[in-house]
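User: Hi! I'd like to go through this model with you. Could you have a look?

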Protein chains: 2
Amino acid sequence: MIVKPALPHSITGFVVSRPLRQNCANCGVRDVAPCRGLSDEGLVEVDRISYRKRVAPGGIIVREGDPASWCGVIVSGVVKLGKTSPGGRQQIVGLQFASEFFGQPFDETWRLSADAATPVDLCCFSQPAFEALRNKYPAFGGALLQDTVGALNAAREWVFVLGRKTAEEKLASFLLLVAERLGGEGCARGACATQAAGPLTCDLALSRTEISEYLGLRLETVSRQFKKLKEAGVIETSGSRTITFCDVGQLKRLADSELA
Amino acid sequence: MIVKPALPHSITGFVVSRPLRQNCANCGVRDVAPCRGLSDEGLVEVDRISYRKRVAPGGIIVREGDPASWCGVIVSGVVKLGKTSPGGRQQIVGLQFASEFFGQPFDETWRLSADAATPVDLCCFSQPAFEALRNKYPAFGGALLQDTVGALNAAREWVFVLGRKTAEEKLASFLLLVAERLGGEGCARGACATQAAGPLTCDLALSRTEISEYLGLRLETVSRQFKKLKEAGVIETSGSRTITFCDVGQLKRLADSELA
DNA sequence: CGTATATTTGAACGAAATCAACGACTGTGG
DNA sequence: CCACAGTCGTTGATTTCGTTCAAATATACG
């Protein structure tokens, strides 16, 4: 289990970006991030050309419309991808977790805003450096393609959740997502946590408001659905961000009821 | 303007799949599909290893859960990507148009069903042949990555539409999508059609039921919103599938009102 | 400990769903 | 040519789920 450092140099809401050299050999996501496609030689190069960004919870990573010059990999933390309509409505259109590729490698401007839900640690490359890396190490490009296809599948899954599900099902789906991605701390991909039978406690990275923005609901509705799940004995909460999953099987059933 | 042939050999609802050789030089999407990344030599190879599938409107291309062994490029037509919940609810989670990459190059089973909304023409590769192509021509992989990132952006855009928009805005967003992708027949990427001022007539590829499945609404609601848009003079319809956009600017405003 | 922020709860309202019926178009067979 | 069935789309009446508005309570933080 990886214990996250307490972010000594970060100030709430600000990006701390330094040309901090970080040895890939010690990197927690090395084997699951797109970097898995790199040879040892490639990793040496990554060590040389990459730099770190740390963002405190609530901090802005990038803003929609700003010029984009870099991209990278999420080393730790939870990133909210958001979109704001001209009218001012906000929607979280995706969540990203440790080991996922982050950014727009081909665009000149950011199409989405990105905010840190938890402390976020990014391994960054300039767009040209990133492209050079892809060209030099085709297996890196392959891994990246595979991950992007995976992200596309996840996004379409979420289209389904938003298009067809009720408020209760939406919240259940979100909680399952959290359980899978954050339940076994550091377990980046694969549903290791939700397979086990016993109760599972973890931190919901998101506030009620953020959850509502992700689910396309009002925060009052989210709060009421939480209450229902608690009354049904499926979950327990302590504080507003710590959740215990008492019955994951039932939660899965609720995430797609219609035939209980 | 490209006139589509009358699909001589296809039978409604069935896939006609033959090892039909097709010269890439004559291919309408050659320069926009991922194949744009291939050298002349590569295109010769594609000619050799690719085969065509034709599917009549309403026909099934692939079914969720079936073993996946191929992928390819949509040469013409509109493909509906659908997902069915265990409970039986259906949602169209994406639409795909000419020149887009189709399929799951890395998975063993199809995660989504795909159905033809119009006559569909696919240029197909077996998964191993496709992977070999990627490995041999890195620029092909690059183009594919670029397109996949684009598809991911489009999917997230749709998450926003489903999560935050009202019925009227959803329909307006859908109609704009149709205008952009189908308005300038054959114009595969880029919003050429919706820039012009004058009225624009085109075919809606989808039935009311299909539109409702795409927008996460009931068909009655879709019908009522059509009525509203017609009464507002933004669109006109003749038959149920031909639409004329009278005022694209107003439609864009309606697609994100909140501040008319 | 007090203030600001986040969450919960309540009551009234409204947009879209649901239930139900009707009309328009298509193709078939008498 | 028309009656018929079948599909698809429209329209109306009613209900429901989630929103909205409003207030109370809990939590975090200086």
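This is a predicted model: local features need pLDDT of at least 70, side-chain atom pairs count only at pLDDT 80 or more; totals for chains, interfaces and linings use all residues.

User: Which element gives the most to the surface near DNA strand D?
Analyst: Helix 6 of chain B does, with six residues. A residue is near a strand if one of its heavy atoms lies within 4 Å of it. Helices (H or I, at least four residues) and strands (E, at least two) are DSSP runs, numbered from the N terminus.

User: Thanks! Back to DNA strand D: which residues come nearest?
Analyst: There are 18 residues around DNA strand D, and A167(A), R218(A), T221(A), R208(B) and S223(B) come nearest. Of the atoms of DNA strand D that come within 4 Å of the protein, 62% belong to sugar and phosphate.

User: What does the side chain of R218(A) sit next to on DNA strand D?
Analyst: An N or O atom in that side chain is 3.0 Å from a phosphate oxygen of DNA strand D. A polar contact here is a pair of N or O atoms within 3.5 Å; within protein, one must be able to donate a hydrogen and the other to accept it, and residues adjacent in sequence count only if both atoms are side-chain atoms.

User: And which side chains reach a base nitrogen of DNA strand D?
Analyst: Among them are E220(A), with a polar side-chain atom 3.1 Å from a base nitrogen, and R224(B), with a side-chain N or O atom 3.1 Å from a base nitrogen. The elements that give two or more residues to this surface are helix 6 (219-231) of chain A, plus helix 5 (208-215) and helix 6 (219-231) of chain B.

User: How does that surface split by class?
Analyst: Near DNA strand D there are eight charged, seven polar and three nonpolar residues. Ala, Val, Leu, Ile, Met, Phe, Trp, Tyr, Cys and Pro count as nonpolar, Asp, Glu, Lys and Arg as charged, and the others, Gly among them, as polar.

User: OK, now DNA strand C. Which residues come nearest there?
Analyst: R208(A), S223(A), A167(B), R218(B) and T221(B) come nearest, out of 18 residues around DNA strand C. Sugar and phosphate make up 64% of the atoms of DNA strand C that come within 4 Å of the protein.

User: How are the two protein chains related?
Analyst: Chain B superposes on chain A by a rotation of 180° with 0.0 Å of shift along its axis (RMSD 0.0 Å). That is the relation of a two-fold axis.

User: Do tell me about the sheets. What is the strand order in the four-stranded one of chain B?
Analyst: That open sheet runs 3-8-5-6, with antiparallel pairing. Strand 3 (60-62) and strand 6 (90-96) of chain B are at the edges with a single partner strand each, so one side of each has no neighbour in the sheet. Two strands pair if DSSP finds at least two bridges between them.

User: And where does strand 5 pair with strand 8?
Analyst: Strand 5 (residues 79-84) and strand 8 (residues 113-116) of chain B pair in the antiparallel sense over four bridges. G82(B) stands opposite S113(B) in strand 8.

User: What about the three-stranded sheet, what order does it have?
Analyst: The order is 10-12-11 in chain B, again an open sheet with antiparallel pairing. Strand 10 (200-203) and strand 11 (235-238) of chain B are the edge strands, each pairing on one side only. T201(B) stands opposite T244(B) in strand 12 of chain B.

Definitions and conventions
Residues are numbered from 1 along each chain as its sequence is written. Chains are lettered from A and ligands numbered from 1 in the order in which they are written. Side-chain values use heavy atoms; hydrogens and water are left out. Copies are superposed by least squares on the C-alpha atoms of residues with pLDDT of at least 70 in both.
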